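The sequence and structure come first.

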Amino acid sequence: QLYAYSQFSLSFRRGRYYIDSAEPIKIFYPIREDLVKLSLVSYFSEIISYASFPDDTRNEDVLRLFFNVLHYLSEGSRSNELLKSIFELRFAADTGHMPDVVGCSGCGVYLAPKMYFAINSGNIYCEQCFGGQGRNDIICIGESVLHAVRHIVLSDFDRLFAFNLSGDSMKLLSVISEKYLASHIGRTFKTLDFYKTII
């Protein structure tokens, strides 16, 4: 079934794997009853499928991220928009596209009244170091959004979902996470376009 966490027993014969048995551990049924959630999970699945890993590589971090996002979507205890941003930024970080958000790339300052996030490089700048450069990949980022970005990409996994954001700050985080992931994996997805038409 789609979006069921299961245990499989496999055998390898003549160069191929065969499924001998499968036992469901957790079925995220509520996701299938909500078109918005289902379309969002389809978007996550397409991202994972596009960034597929070599046969001999296991990315436990991505599996854990996906499993936990499914759990919170199914439970309904976090907003869809927040889970979307968490998935996009943490997936980017876990697959080698970690943004450098510890301090300003110019002077190293941790926090300034105005900070700017560069989508293409993943760097942040204070207003003095940014200097109004004519770049279209720069987004002015408030303190709450900057803290959220830092939390998503730098925190231990056990604390990853332990925050909330709302209003304009949530909208800005959503824009940043979406643009950052698209920029660093080099494409957009039709499943995301569909998700946007129904929210």
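## A pair within helix H4

Helix H4 spans residues 80–94 and holds both lysine 84 and glutamate 88, which are 4 residues apart, or about one turn of the helix. In this predicted model, their side chains form a salt bridge with an N to O distance of 3.2 Å. Lysine 84 and glutamate 88 are both buried.

The closest N and O atoms of aspartate 94 and arginine 90 are 3.7 Å apart, and the two form a salt bridge. Arginine 90 counts as buried because its relative accessibility is 8%, under the cut-off of 20%. Aspartate 94 has 21% relative accessibility and therefore counts as partly exposed.

## A link from helix H4 to helix H7

Lysine 84 also forms a salt bridge with glutamate 178, and here the closest N and O atoms are 2.9 Å apart. Glutamate 178 belongs to helix H7 and lysine 84 to helix H4, so this pair ties together parts that are 94 residues apart in sequence. Both glutamate 178 and lysine 84 are buried.

These contacts belong to a network of salt bridges that links Lys84, Glu88, Glu178 and Lys196. In total, the model has 6 salt bridges. As a general point, side chains of opposite charge can pair when their charged atoms come close.

## The sheet

An open sheet is formed by 4 strands in the order E3-E5-E4-E6, with mixed pairing. Strand E3 (100–104) and strand E6 (138–141) are at the edges; each has a single partner strand, so one side of each is left without a neighbour in the sheet. From one strand to the next, the twist averages 25°.

Strand E5 covers residues 123–126 and pairs with E3 in the parallel sense over 2 bridges. Aspartate 100 has asparagine 123 in E5 as its bridge partner.

## Helices packed on the sheet

Helix H6, residues 143–154, packs on the sheet and touches E3, strand E4 (115–118), E5 and E6. The direction of helix H6 makes about 135° with that of E3.

Helix H7, residues 167–185, also packs on the sheet, where it touches E4 and E6. The direction of helix H7 makes about 150° with that of E6. Helix H7 is also the helix that holds glutamate 178, the partner of lysine 84 in helix H4.

Key. Residues are numbered from 1 along each chain as its sequence is written. This is a predicted model: local features need pLDDT of at least 70, side-chain atom pairs count only at pLDDT 80 or more; totals for chains, interfaces and linings use all residues. Side-chain values use heavy atoms; hydrogens and water are left out. Two strands pair if DSSP finds at least two bridges between them. Axes are lines fitted to C-alpha atoms, for helices over the stretch in contact, and angles run from 0 to 180 degrees between N-to-C directions. Contact means heavy atoms within 4.5 Å. A salt bridge is a side-chain nitrogen of Lys or Arg within 4 Å of a carboxyl oxygen of Asp or Glu. Buried means under 20% relative accessible area, exposed over 50%, partly exposed in between (1.4 Å probe, protein chains only).
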